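This report covers a sheet, a helix that crosses it, and the nonpolar cores. Start by looking over the sequence and the model.

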Amino acid sequence: MVFTSSTMSKSESEVQIVSKCFNVEQSCSDTNAYHNLLTLEDVQVLVKHAAGGKAVVENFSLELYSDGKLGYLGSHQRLSVNIKTVSEKYTLSFFVKAVPYNIPTQAEYVLDKCVFLKEKIFYRDIIPQLYHEYKGEPWTATCFLVKDNLLVFEDLETKGYSLRTKLFNKELIVSGLTAIAKLHASCLLAEARLGKTFKKMYPHAFIENAFSETGKTKKWFDVSVNAIVAIAEHLGLDATLIPKACEKVHAALEMSSTKRNVISHGDLWGNNLMFSNTVPPNCLLLDFQLMRYSPLAHDVANFLYLTADKHFRVTWEESMLKHYYSVLRETMNSTKSVSLEIPPWSELIEGMEEQRLAAIITAAIYFQTVLLDKKTSMEIMNDSIGYHEYVFNNRNETLLKVMKTDPVYSKRLTEIVSELVEYSFRLDELPKPT
């Protein structure tokens, strides 16, 4: 569920997302916005929805949520609000995701990718539709306030949720696939009720921004591919076909013409899922800044490659697919108010093979950054010059240096790059996304 300080029609939001994306320079110049992210009126609105109308805001403060990097497309902060009612005083805690204005180069890149605009539409306009028919446990965090440059969520840490290591065990994989299946089922249920797709209702919310083929993102992609080549050569592998193979990622990001498409998270690495401390753990999906409209297997394949190692996938992939499909069927059958056809099992299996190469490419690119140790990551991300060099110019030396000192980092990059090299020599025989 989402609460906003204002409402806006679909057409207005679509006009705004386009105009904002072409006004990056002006937006980035407003560095004061970082220090004035929330007004008292904003805080009063979100407290009203979170704690009820009788709660009075005495004061509030913002501080960094963590001394580590939680994500790479925003600044993450904790909002503490001191509350007074007739009978008591207490403090409410919220999680705030904001444009990182304190690092101008990073802020410009974030605004250029329109990630906040996409997520604004998701939590403000789409989530209420997804939860209309869905009656199960939540699969994402509650968003209390949506603005152009920030979103305010419930603080899941105070409710016993936490991030886990970036290599998941079987229990966490099962929990993550459960949440993914519920997201996909919610989309199919909502579209059956509405009689049209979310892609048609909110087309600008699904414009590709993770692997777009223009602008700064194209520079980032080229630098990432160059780094894969450097790693492969460092490992003594034949990297000649890596650039050609990596170009194949784009075809897998498109809507399928032969399979059911759903709202796909699109960015399922370890820090975008949080787990409860219960047994078994409940999973909530976070950060929909890179969402797509894709076939079912897109999220499933990317999740397995981003959070599990090769041994786990070889051993458990079929079992994990069966679990995902079981939850999808169960969720879609949970309501009698809409009638719809459940996608066949064969569609998921065929989709996995069509999405596998793109999932390998995505992991080989993402691992370069998301698996960096905290110290190295913060040194890069907190320095505008270092950030620009790493993201848009060349990161080969940095990655090879970290591989020499971090055995876990080295193992996962070695494994995924080796797998990509193998697939690069089989391009003609691999199933094509349809």
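## Terms and basis

Contact means heavy atoms within 4.5 Å. The model is predicted: local features need pLDDT of at least 70, side-chain atom pairs count only at pLDDT 80 or more, and totals for chains, interfaces and linings use all residues. Residues are numbered from 1 along each chain as its sequence is written, and side-chain values use heavy atoms, without hydrogens and water.

A nonpolar core is a set of buried Ala, Val, Leu, Ile, Met, Phe, Trp, Tyr and Cys residues joined through side-chain atoms within 4.5 Å. Buried means under 20% relative accessible area (1.4 Å probe, protein chains only).

The largest nonpolar core has 128 residues. Leu130 and Ile263 touch the most other members. Helix H13 (residues 345-370) gives the largest share, 13 residues. A second, separate core has 18 residues, including Leu37 and Val152.

What does Leu130 touch, leaving out residues up to four places away in sequence? Its contacts are Phe122, Trp139, Leu183, Ser186, Cys187, Ala190, Phe198 and Ile263.

## The sheet

Helices (H or I, at least four residues) and strands (E, at least two) are DSSP runs, numbered from the N terminus. Two strands pair if DSSP finds at least two bridges between them.

Five strands form an open antiparallel sheet, in the order S1-S2-S3-S5-S4. Strands S1 (56-64) and S4 (143-146) are the edges, each pairing on one side only. S4 pairs with strand S5 (residues 150-154) over three bridges, antiparallel. Val146 has Leu151 in S5 as its bridge partner.

## The crossing helix

Helix H6 (residues 115-133) lies across strand S3 (89-98), S4 and S5. H6 runs at about 45° to S5. Axes are lines fitted to C-alpha atoms, for helices over the stretch in contact, and angles run from 0 to 180 degrees between N-to-C directions.

Note on methods: Buried < 20%, exposed > 50% of the residue type's maximum accessible area, 1.4 Å probe, protein only.
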